[in-house]
Amino acid sequence: MEGAASQVDKEQLHSATVEIKKLISFLAGEQIGPSKVICNIVDDRMIHLFLLHDDVILQYFLPATRSS
Amino acid sequence: MISTTTTTATTTTTTTTAICQPRTPPPPTPTPTPTTTTTTTTTTTTIETHPIISAAGEIVVSNTLRHTPWSPLTLHSPTDIIGSLARLAKLCVLRITRTHLYFIINEPGTVHRAPGLWAELDQGHYFSAVTMSGVSEEHNEIFLEFEPDKLSGTLSVFKSNNIAVRNLKIKLAKKLAPCLTLEMQMPSFSEHARTVVHDVPVLPLPRRQWHLYQEPEMPHFSASVYLPPLKKLRHVVERMKSLSSSLTLAANRQGTLVLSVTSDAANVSTYFRNLNMPTWVDVQCSSVPLL
């Protein structure tokens, strides 16, 4: 039973709505290279983009516009 | 001794060592560093004390900073970062410590000045020598506000591969106004060295404003995934832009990422599945991803 519950938990989507313009300015501006970008979602609050490349750490904080 | 730095960095090698010197009292007269060859010019120029008298009457004096040769080979990423900053905001704050450079943009219009961007660069990776001294030994930091657009224009010379800048020196100097002075040694066919100097006006921030630019806490997120290649993502997001002004990003703990937009006519969602998920570890109360 517990296994089933955690499975549902894992499938549960967490979301936040952001301004599309801001997301594009991040995607367009990011020319650092084929680095790994982590996307963290804080439910209805914020999208946090975390980028690690060589000796550079970049963090973008995109605030949620409204709860969806 | 006097805070001068000699480097033997040649321009062809990527030097990754930073020489951070302890803070020394400013010399009465600046002594030029002996230079060995023409490519290793490292003369120390006067760094005048720049007292900032804030409205509160607090005085912050002598923020001095000297950076000596910047290996052009590693310059691409800072140049790109500053280029990105220019796209994101008109004003940006540069925080300088002994070991790191930070570029900070705060989200405008938020009560607590929520951060919009936080970039952290290891000095040692980019500079072969760093000399700085902040307000005091315990607050050895410098905060400068500047227009990224101006700095980006100056650094754009590094984007072109045809021009081999021999070395770059960045200094905080007092000219008509406080400036970040960038001295670039250009290649020259004659025996005379060619130096190009750019001055980018900056505003040193008084200490009472520093707290606005502290490192943001890692947010308590519910889901964390590695994004698919940014090019692919950008392609999708740009298509969605024509439908709506806001986009919902959703993810679960199984590596699914959903981008969706809603308009009067349609709901559009794009699914990315089986993405990798980072493992987060707690290091000294702050989480870092384990790569």
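How many bridges pair strand E4 (residues 56-63) of chain A with E6(B), and in which sense, parallel or antiparallel? In this predicted model, the two strands pair in the antiparallel sense, and five bridges join them. One of the places where this pairing can be followed is A:Ile57, whose bridge partner in E6(B) is B:Glu120.

Strand E6 of chain B, which covers residues 115-122, also has a partner within its own chain. Strand E5 (residues 100-106) of chain B pairs with E6(B) over seven bridges, again in the antiparallel sense, and in this pairing B:Leu101 has B:Leu121 of E6(B) as its bridge partner. Because six of the eight residues of E6(B) are buried, this strand is largely enclosed by the rest of the structure.

A further place where strands of chain A and chain B come together is an open sheet of four strands, which runs in the order E1(A)-E13(B)-E14(B)-E15(B) and has antiparallel pairing. Its edge strands are E1 (14-19) of chain A and E15 (267-272) of chain B, each of which pairs on one side only, and from one strand to the next the twist averages 20°.

Turning to chain B as a whole, the reader will find four helices and 17 strands in its secondary structure. Chain B has 291 residues, of which 50% count as buried, and it exposes about 14900 Å², with carbon and sulfur atoms supplying 54% of that area. If one takes the contacts in chain B between residues at least 6 apart in sequence, 57% of them join residues at least 24 apart.

Among the strands of chain B, E9 (residues 167-174) is mostly covered, with seven of its eight residues buried. E9(B) and E10(B) form a hairpin in which three residues lie between the two strands, and their antiparallel pairing extends over eight bridges. Along this pairing, B:Leu172 stands opposite B:Leu180 in E10(B).

Strand E10 of chain B, residues 178-186, also contains B:Thr181. Is this threonine buried or exposed? With a relative accessibility of 2%, B:Thr181 counts as buried, because the cut-off for a buried residue is under 20%. Its side chain makes a polar contact, at 2.9 Å, with the side chain of B:Asp199. Once neighbours within four places in sequence are left aside, the residues in contact with B:Thr181 include B:Lys169, B:Ile170, B:Lys171 and B:Ala173, and also B:Val197, B:His198 and B:Asp199.

In helix H3 (residues 148-155) of chain B, the residues B:Pro148, B:Leu151, B:Ser152, B:Thr154 and B:Leu155 are buried. When the helix is viewed down its axis, the buried residues of H3(B) fall within an arc of 160°, and therefore they line one face of the helix.

How values were computed:
Residues numbered from 1 in each chain as written. Chains lettered and ligands numbered in written order. Predicted model: local features only at pLDDT ≥ 70, side-chain atom pairs only at ≥ 80, totals over all residues. Heavy atoms only, no water. Pairing = 2+ DSSP bridges. Axes fitted to C-alpha atoms, helices over the stretch in contact; angles between N-to-C directions. Buried < 20%, exposed > 50% of the residue type's maximum accessible area, 1.4 Å probe, protein only. Arc of directions from axis to C-beta. Polar contact = N/O pair within 3.5 Å; in protein donor to acceptor, adjacent residues only side chain to side chain. Contact = heavy atoms within 4.5 Å. Areas by Shrake-Rupley, 256 points an atom, 1.4 Å probe, with all protein chains shown as cover.
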